[in-house]
Structure formats: structure tokens, C-alpha cells
Amino acid sequence: MSWEKVGRDGKLLRWYDVMEVEKYEYTVGPAGEQFFNGLKQNKIIGSKCPKCGKVFVPARLYCEECFIKIENYVEIDANEVYVDSYTIIYKDDEGNKLQNPVYIALIRFKNAKGGLLCYADGNVRPGAKAKIVSFDWPLKVKVD
Ligand SMILES: [Zn+2]
């Protein structure tokens, strides 16, 4: 990994590094904890801004519109799910052709901002109604 940027004084700032780890672990944070604990109960948890009323999925700690902290978590109607966009994976990480292509969809929820990437099955297409069939992470959806 490297990063270069011309500083204000005209000198070139540089930082070079070698990533020697194969795996990272991140904490999910307070809002992420609400979201992932919700998944354990087969619920989609979002957060609702107290100022503008926008609901974000997955739950987040700050409203991107009002720049204020959100501490109000709400359950999202998991029956109002649709496919926003999708991609198809034909090869594994090693470049070997998969026996069956894997569909990855960005799903969104009615009256909520944001979305979730998940495995998708069925007639996957933009705008199609989807049903969450597994709340284990990553989610799995069946598209009508
Ligand atoms: Zn807001």
C-alpha cells in the first residue's frame, strides 16, 4: 500500500507500507451492534434521525443529512424488500470457474435509506420484490 500527496509547502508527503495480514477484524460499533443483534432475532434494525425522521439501514450512529447523533433504533419492515442492483460472480478467488454462478444483490427497504448486500436466488433483476430467507450474515434473499 502506498499513499502520496503533495503537501502545502510543495514537499511530497509519502507513506509506504506492506500489509502482511490476511484478515482484519473490525468492531461493529454501537449502531452496528444493534443491527447485528437484530439479525440474530431475524429482524432488520435501522436508525431513525430525531431531526429529519429519515431511517437508515443498516443502523448508523449519525444522520448524514443533519450531522447529528442518532440513538433511536427501529425495526424495518422486512417484507418490503426489493432488488436495487446485482452482480453475478462466475469465478472463485483463485480464478476457477464456479459450478453455478453466484448472484450478489443490493437490496433496499421501503421508506429507508441505504441497503444491504446479500446472496440472491431466483429471477434476480432490478426492482424485483425479494424475501429474506436467511438472516445469517451475509443475508440470503429469494427474488420473485
Ligand atoms: Zn437527519
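Tyr24 is partly exposed, with a relative accessible area of 45% (buried means under 20%, exposed over 50%, partly exposed in between; 1.4 Å probe, protein chains only). Tyr24 sits in the loop between β2 (12–16) and α1 (29–40); helices (H or I, at least four residues) and strands (E, at least two) are DSSP runs, numbered from the N terminus.

This is a predicted model, in which local features need pLDDT of at least 70 and side-chain atom pairs count only at pLDDT 80 or more, while totals for chains, interfaces and linings use all residues. Residues are numbered from 1 along each chain as its sequence is written, and side-chain values use heavy atoms, with hydrogens and water left out.

## Zinc site

Cys49, Cys52, Cys63 and Cys66 coordinate the zinc ion through their SG atoms at 2.3 Å (donors are N, O and S atoms within 2.8 Å of the metal, or 3.2 Å for Na, K and Ca; water is not among the atoms, so sites may look incomplete). Along the chain the donors are spaced C-x2-C-x10-C-x2-C. Cys52 lies in the loop between β3 (44–48) and β4 (55–57), and Cys66 in the loop between β4 and β5 (73–76), so the pair ties together parts 14 residues apart in sequence.

Cys52 is partly exposed at 34% relative accessible area, whereas Cys66 counts as buried at 18%.

## Sheet

Four strands form an open sheet of mixed pairing, in the order β5-β3-β4-β8 (two strands pair if DSSP finds at least two bridges between them). β5 and β8 (113–114) are the edge strands, each pairing on one side only. β4 and β8 pair in the parallel sense over two bridges, and Val57 stands opposite Gly114 in β8.
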